[in-house]
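Try each task before reading its solution.

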Amino acid sequence: REVKDGKRINKGYSYYPNGNVEVEESYDLNGMVTGTRKIFSQSGKIRLTVEYKDNRPDGIAKAYSEDGRQTEEVVYEAGKEVKK
């Protein structure tokens, strides 16, 4: 993660021990997670996408099976689940 003036900026990544990306997330000018957060399986396939605003889920979250099929959809508003 890049840091400027004590705040996270641009995109941040977390990795599995095998080197594959585990989490990819974007930060706003205040260092808050904002935008689409992506969570991957160890094999590199997308498991979950969640829309974020100000470090909280805010929008649609989608879960996927290992073969890429969407298995679940949840709607969040300001960090609270409102529809599944």
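**Exercise 1.** Which residues does Thr49 touch, not counting residues up to four places away in sequence?

*Solution.* A word on the ground rules: this is a predicted model, where local features need pLDDT of at least 70 and side-chain atom pairs count only at pLDDT 80 or more, while totals for chains, interfaces and linings use all residues. Residues are numbered from 1 along each chain as its sequence is written, and side-chain values use heavy atoms, with hydrogens and water left out.

Step 1: list its contacts (heavy atoms within 4.5 Å): Thr36, Arg37, Lys38, Ile60, Ala61, Lys62 and Tyr64.

**Exercise 2.** Decide whether Thr49 is buried or exposed.

*Solution.* Buried means under 20% relative accessible area and exposed over 50%, with partly exposed in between (1.4 Å probe, protein chains only). Thr49 has 16% relative accessibility, so Thr49 counts as buried.

**Exercise 3.** Find the partners of strand β4.

*Solution.* Two strands pair if DSSP finds at least two bridges between them.
Step 1: β4 (residues 21-26) pairs with β3 (residues 11-15) in the antiparallel sense over five bridges; Glu25 in β4 is the bridge partner of Gly12.
Step 2: look at the turn of the β3-β4 hairpin, where five residues lie between the strands and Gly19 has a positive phi of about 95°.
Step 3: β4 also pairs with β5 (residues 35-40), antiparallel over two bridges, and Glu24 stands opposite Lys38 in β5.

Definitions and conventions:
Helix = DSSP H or I, 4+ residues; strand = E, 2+ residues; numbered from the N terminus.
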